[in-house]
Amino acid sequence: MSTFKSDFMRIVHERGMVHQCSDAERLDAELASGTRVAYIGFDCTADSLHVGHLLQIMLLRWWQKTGHKPIALMGGGTTKVGDPSGRDETRQLLTTEQIAANMASIKGTFTNYLTFGDGPTDAVMANNADWLDTLLYIPLLRDVGRHFSVNRMLTMDSVKLRLERDQPLTFLEFNYMILQSYDFVELWKRHRCIVQMGGSDQWGNIVMGADLGRRMHSADLFALTSPLLATSSGAKMGKTAAGAVWLNGNRLSPYDFWQYWRNTEDADVGRFLRLFTELPLDEVARLETLGGAEINDAKKILATAVTSLCHGTAAAQQAAETARQTFEQGALAADLPTVEIPRARLQDGVPAFELFAEAGLADSKGEARRLIKGGGARVNDVAVKTDVQVVSLADAGADGRVKLSAGRKRHVLIKAV
């Protein structure tokens, strides 16, 4: 690791952010000799990115911080096709209007991590619909398609795994890797972009793009991927019982985002500090050696650092303070997630299991009943005794709020309106 000449290659390898690189030594020499351009593509399948995208965003951030120019490529065109990677079934096709709305919602996330502008290292946001939507079919087949071997395409994991499981792969999806490869060529032509980065499941597609650039334009292009992440217990990163851990604050509050990182498994603290924060590695080494109750201090540092990057320092500090008041002081913190209920409905009283389900503290009414029977549900910090117990205005404070808790770490306020 110490033999790298460029800051980017040294940092991302030291922090464990690299899974594969097509020619690490030659890419290192390129990066040490001047400013270079790299990109990562993000399809617009939802109105927010999630924690599963965060390592890719951090790669772009380190690329810029080490003196290079990053491109965040929005998949306005490729989203119309759908990436088959890692899926057993065809993605639901979105309308052009849905894709545009998702793209507009996603864009704001990148401004928290990257500096955009017209300078030599300022980030660029591109949309592959700008070129993919204008391609003509016959010229695409002749100019691009002739460089692809179907034999090789069938060996790609995104195709092979689907076929091995006897799951249908549409001709539309089969074209995805061709379009992604063409993106790389187009960004080389427009911005002299020489590196495409992505998750390790994208390795085949990225290498094919680099190969297409060589065949079409004798371009010298590189591929670099990050590892696909799971927690130490084997759970997929970014997924919880309550759903995806979204990066947009309107999909998941900064407080809940902070809590996700605060609840990191002990064995993952050091790794996540390296991957998702910019803390110096000697400080990370110190924090990951903490044992017993002290490891919780490291988790709070992790949660606040990651939340600061995603939502800003003020939101992160507020989330940390809300957690402190809630857990350490037992106070009713105003910044807890709030669900509004009509006052008239609370006047008559609502079964506790219904409120726990509506508040998102349980995925269903059945799960809420089991939570109550297991002793894990509390109203205003008092255990709910039976699943038919009601919550009413009598439980609300002067401000019309009732605190619901599932376990020790998940809390929601019910507000009468």
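A residue is called buried here if its relative accessible area is under 20%, exposed if that area is over 50%, and partly exposed in between, using a 1.4 Å probe on protein chains only. Across the protein chain, buried residues account for 48% of the 417 residues.

Some ground rules come next. The model is predicted, so local features need a pLDDT of at least 70 and side-chain atom pairs count only at pLDDT 80 or more, while totals for chains, interfaces and linings use all residues. Residues are numbered from 1 along each chain as its sequence is written, and side-chain values rest on heavy atoms, with hydrogens and water left out. As for pLDDT, it is the predictor's confidence in each residue, on a scale from 0 to 100. The protein chain averages 87, with 93% of its residues at 70 or more.

On to the overall build. The protein chain has 19 helices and 15 strands, where helices (H or I, at least four residues) and strands (E, at least two) are DSSP runs numbered from the N terminus. Its radius of gyration, taken over C-alpha atoms, is 24 Å, close to the 22 Å that the globule rule gives for 417 residues, so the chain is as compact as a globular protein of that length. That rule is 2.2 Å times the number of residues to the power 0.38. Along the principal axes, the C-alpha atoms fill a box of roughly 75 × 50 × 40 Å.

Aromatic rings come up a lot in this model. Rings of Phe, Tyr and Trp (its six-membered ring) pair if their centres lie within 6.5 Å; planes under 30 degrees apart are stacked, those over 60 are edge-to-face, and the rest are tilted. The structure holds eight aromatic pairs. One of them joins phenylalanine 8 and tryptophan 63, and it is edge-to-face because the planes meet at 80°, with the ring centres 4.8 Å apart. This pair links distant parts of the chain, as phenylalanine 8 sits in helix 1 (residues 7-14) and tryptophan 63 in helix 3, 55 residues apart. Tryptophan 63 is buried too, at 0% relative accessibility. Tyrosine 260 and tryptophan 261 also make an edge-to-face pair, at 5.2 Å centre to centre and 85° between the planes, and both residues are buried. Ring pairs tie Phe257, Tyr260, Trp261, Phe272 and Phe276 into a cluster.

Charges show up over rings as well, meaning that NZ of Lys or CZ of Arg is within 6 Å of the ring centre and within 35 degrees of the ring normal. Arginine 192 lies over the face of tryptophan 188, 4.0 Å from the ring centre. Arginine 251 lies over tryptophan 246, also at 4.0 Å from the ring centre.

What about the cysteines? The structure holds zero disulfides, a disulfide being a pair of cysteine sulfur atoms within 2.5 Å. The sulfur of cysteine 310 is 17 Å from the closest cysteine sulfur, in cysteine 44, and so too far for a bond. Cysteine 310 is buried, at a relative accessible area of 2%. In helix 15, the buried residues include Ile295, Leu302, Val306 and Cys310. Just after helix 15, glycine 312 takes a positive phi of about 100°.
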